[in-house]
Structure formats: C-alpha cells, structure tokens
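Reader: Could you walk me through this one? I'd like to learn how to read a few of its features.

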Amino acid sequence: MSTLNLYRALRELLPEAPLQVATVIDVQISQGTSTVEWPGGSQQRVRGAIVAAGGHVFVRDGVIEGTAPGLALEVIEV
C-alpha cells in the first residue's frame, strides 16, 4: 500500500520562487547580510555576504545563492 504525503503534494502545487539578479550596495559581514538593489531601484536586505559592494548576485527567497556575471541588465515589463 502506498502512503500519500499531503505536505509533499501541496509543495508540488506551489510554484518555486524565481531566481533574480541584484546588485550588492552594502555588506554587513558581522550580521551575515547584504543590502541589494533590484533593477527597478528598490532595495532589500538579504541573507548572505559573499560578494563585495558593486558585485552582482543571484537571489532567491531573500537569500544570496551565488555570484552573477556582470552583464548589462535588460528589464522587460509584462
């Protein structure tokens, strides 16, 4: 008999958070956080301090996942 994990079934229905690119404008090493600026100009404090100010990072769910290449960003509004 197969058991059904209801939590897993619910998680499969929900979409994953998008992976986005932001620019680091300040790093708080003692707190392990960074302040990033999104392409639209808004700012957010996120967890992770792996890139110096001015670098580009990949961010998902408020956490820095890694460094992003320093390419020109193109914003497309839908």
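Reader: What share of the 78 residues of the protein counts as buried?

Author: Buried means under 20% relative accessible area, exposed over 50%, and partly exposed in between (1.4 Å probe, protein chains only). Here 23% of the 78 residues are buried. Bear in mind that this is a predicted model, where local features need pLDDT of at least 70, side-chain atom pairs count only at pLDDT 80 or more, and totals for chains, interfaces and linings use all residues. Numbering starts from 1 along each chain as its sequence is written, and side-chain values use heavy atoms, with hydrogens and water left out.

Reader: Which elements does the protein have, and how do they run from the N terminus?

Author: Elements are DSSP runs numbered from the N terminus: helices are H or I with at least four residues, strands E with at least two. The protein has one helix and five strands, in the order α-β-β-β-β-β. Its radius of gyration is 16 Å, well over the 12 Å that the globule rule gives for 78 residues, so the protein is more spread out than a compact globule. That radius is taken over C-alpha atoms, and the rule is 2.2 Å times the number of residues to the power 0.38. Along the principal axes, the C-alpha atoms fill a box of roughly 55 × 35 × 20 Å.

Reader: Helix α1 next: how many of its eight residues are buried?

Author: A bit of background: an α-helix has 3.6 residues a turn, so residues three or four places apart point the same way. In α1 (residues 6-13) the number buried is zero, so the helix lies largely in the open.

Reader: Where is S34, and is it buried or exposed?

Author: S34 sits in strand β2 (residues 33-37) and is buried, at a relative accessible area of 1%. Its side chain reaches the backbone oxygen of G48 at 2.6 Å. For contacts, look for heavy atoms within 4.5 Å. Leaving aside neighbours within four places in sequence, the partners of S34 include V24, V27, V46, G48 and I64.

Reader: And D61: what is its phi?

Author: Phi of D61 is near 55°, a positive value in a residue other than glycine. D61 lies in the loop between β4 (56-60) and β5 (63-67), and at 64% relative accessibility D61 counts as exposed.

Conventions
A polar contact is a pair of N or O atoms within 3.5 Å; within protein, one must be able to donate a hydrogen and the other to accept it, and residues adjacent in sequence count only if both atoms are side-chain atoms.
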